[in-house]
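Please look through the structure shown here with the following explanation beside it, which goes from a sheet to a pair of helices.

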Amino acid sequence: MFTQISASVIDGLLIGFVYGIAAMGLSLIWGVMRVINLAHGATMALGMFCIYYLFTDVGVNPYLGLLLVVVLALIFGFIIYMASLHRVIQAGYLYTLLATFAVNMIVIGIGTMVFSTSPRNVDFSLGSIDLGPIILQGTRLLAAGASVVITAALYLFLYFTRPGKAIRAVSDNRAAAELMGIPSSQVLALSFGLGTMLAAVAGGLTSTFFPFTILSGSTYQLKSFVICVLGGLGHPLGALFGGLILGGLEGIVPIFMPVSWVPVVEFGLFVLVLVVRPTGLMGAK
Amino acid sequence: MKRLGFSLLIALAGASLIFSACGKEAAKPKDFVLIGFTASKTGKLNVEATRQINGLNLWVEQVNKAGGIKMPDGKQIKVETKYYDDESNKDRVQELYTRLISSDKADFLVSPYSSGLTDAAAVIAQQNRKIMITAGAASDSTHTKGYALVFQSYTPASRYLTGAVDILLKLDPKAKKIAIIHENDKFSTDVAKALKKYAEGKGMQVPLFEGYDSGTTDFAPFINKIPQGVDAVMGGGHFADTTTFARQLYEKKVPTKMIALLVAPPEPKFAELGEACISVIGASQWEPLAKYSPEAAKAENVEWFGPTVPEFLKLYEDKYGKEEPSYHSGGGYAAGLILQKAIESAGSIDTEKVKAALDKEDMYTFFGRIKFNTTPKLQGLQEGHEMIYIQWQKDKQGKPVKAAVWPTAAATASPFVCPAR
């Protein structure tokens, strides 16, 4: 029993790291821009397809391919921001929500036309590592490692660089930041680009161990919302913490009850946190 | 006002004359038969459905090349088809089959691929009094609902994976425990329940019996639940999920003597898993290795109909290049043959007459024997057809190769126990 619990918890936590960086993107965009990004899932799916084509058609190692995904996703984020959000950013939550929803529908529509909804699989294996009775898949381990590196890089960027500090300043008080000479529009575009990049990277990492379609992003988007609420919206490190909680739950719950109960427990916790601590477990009181 | 009323009356009379003339035109016997179906060109059933449609299209091409379906009076009827992409989606299936019947005026229907989609389509066929041949659907339950016009070409789910238990007992007569992890859809659940019942009937235990949702990609929670000392892991669902399941079973190095899964293993694409596919057993509705022949049919005193196995293989490979037909392809072609034979026997495309011919049908084709249950409780359920079990083994160069391992009479190699991974 102990072995089973350990194996399940470790598997869950490894996935939790990837969930965490996906949610971090959503959380960053909300924290800085007060925008609920409904194109998050679609962006993740695009990240998956990027890795798929780079690996299958060009033969690029998926982890090297992530570097290109980072650049492409940043550019994609800037374009979406300029095309759909820049003009409505001051107009209120509903407008930005609808704008990102429209982007989501456009990406999924074009994606369905180009890629169809047939499942794809990045046929890449790193083998397994035996820890006695516990066996860990190499791709999951590396994805978790990459997630930790990305989180650390984001933390360093936000706290120790000028653009990072500018993002935090705009997040705290946009008007005051503008008065200090911070170009808030550029900061907002950068934040959206970073959020989009995190989503695409999370998608790319996920594609190395799970099959996917252009519609797969919606499942992870839903998980990202739950994670953001658990960790505290607008709190990127809280998102990683929330991801680990969700991953852990997905590992532990199936041991004691049928797997179909996992969403019931997850969303039960989601409602509980909303009622008891609406700012999230790591959010300010 | 009176004049206006009179003019309207004249106009109505004229229109009715024109329409009645059109009606007479439409009543003329048709010189073609229209077969309607949906194909999952996109969505999760894309691989299996495409092959099924390849098989069906090949049948259409062959029939028309020979001049059409031969009626007893010497006349020949050409075959035309109309299809839509159902996106592997049940709701789309019902909408599209309604359109095939009411707008396109299909004479006969062939089911989409998969039991779930077929069950959705069967209701529409029955409500509109159209005969439907189910090409890629093994679920028994579609045939327990009193549908009189739905005829199955596959071996039903209740007999789908039971042979795997026999193989296990042959490999290890002391085997006691089987873990069953199956997709939560209609077909896989039917198969899994029948498998569990059969295994328990043989005195075995099923310590894990759990279903997963159709979109599942992470099987780690299920694999971690497999108890120690399990002799076999069986189950799966359709191609996409079962392939992922097989891959993760390999990566997690599950210690077991046998892995037997649904649908995916017989597909040639399954070999793309490399080492992960080795030793996996799959139940197949048909294999190119199948030994059905007109001579064997004659020995059983059953009529042979259509091409022989080598003829079918040649036709298929000539049309689709090097692609080897899977049982989905064979099932598509066989659905056409079933309908062709019934129309020929009935000498008509009238639904009632063709239904009576289907009820009486008993023949061997390259796909195996075809015979339907005609009792009211299980109308249309396939009774004649048998499964073939394959196992992925290694050829001399170490590449994955499919071998028929069960039943013994059809076997091209002996099954072996899963190697330590």
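In chain B, six strands form an open sheet in the order β2-β3-β1-β4-β5-β6, with mixed pairing, where strands are DSSP runs of E of at least two residues and helices are runs of H or I of at least four, numbered from the N terminus, and where two strands pair if DSSP finds at least two bridges between them. The edges are held by β2 (69–70) and β6 (150–152) of chain B, each with a single partner strand, so one side of each is left without a neighbour in the sheet. This is a predicted model, in which local features need pLDDT of at least 70, side-chain atom pairs count only at pLDDT 80 or more, and totals for chains, interfaces and linings use all residues. Residues are numbered from 1 along each chain as its sequence is written, while chains are lettered from A and ligands numbered from 1 in the order in which they are written.

Within the sheet, β1 (residues 32–39) and β3 (residues 76–85) of chain B pair in the parallel sense over eight bridges, and B:Leu34 has B:Glu80 in β3(B) as its bridge partner.

In chain A, helix α2 (residues 40–58) packs with helix α8 (residues 184–206) at an angle of about 50°, their axes 7 Å apart; axes are lines fitted to C-alpha atoms, for helices over the stretch in contact, and angles run from 0 to 180 degrees between N-to-C directions. That angle makes α2(A) oblique to α8(A), because angles under 35 degrees count as roughly parallel, over 145 as roughly antiparallel, 65 to 115 as roughly perpendicular and the rest as oblique.
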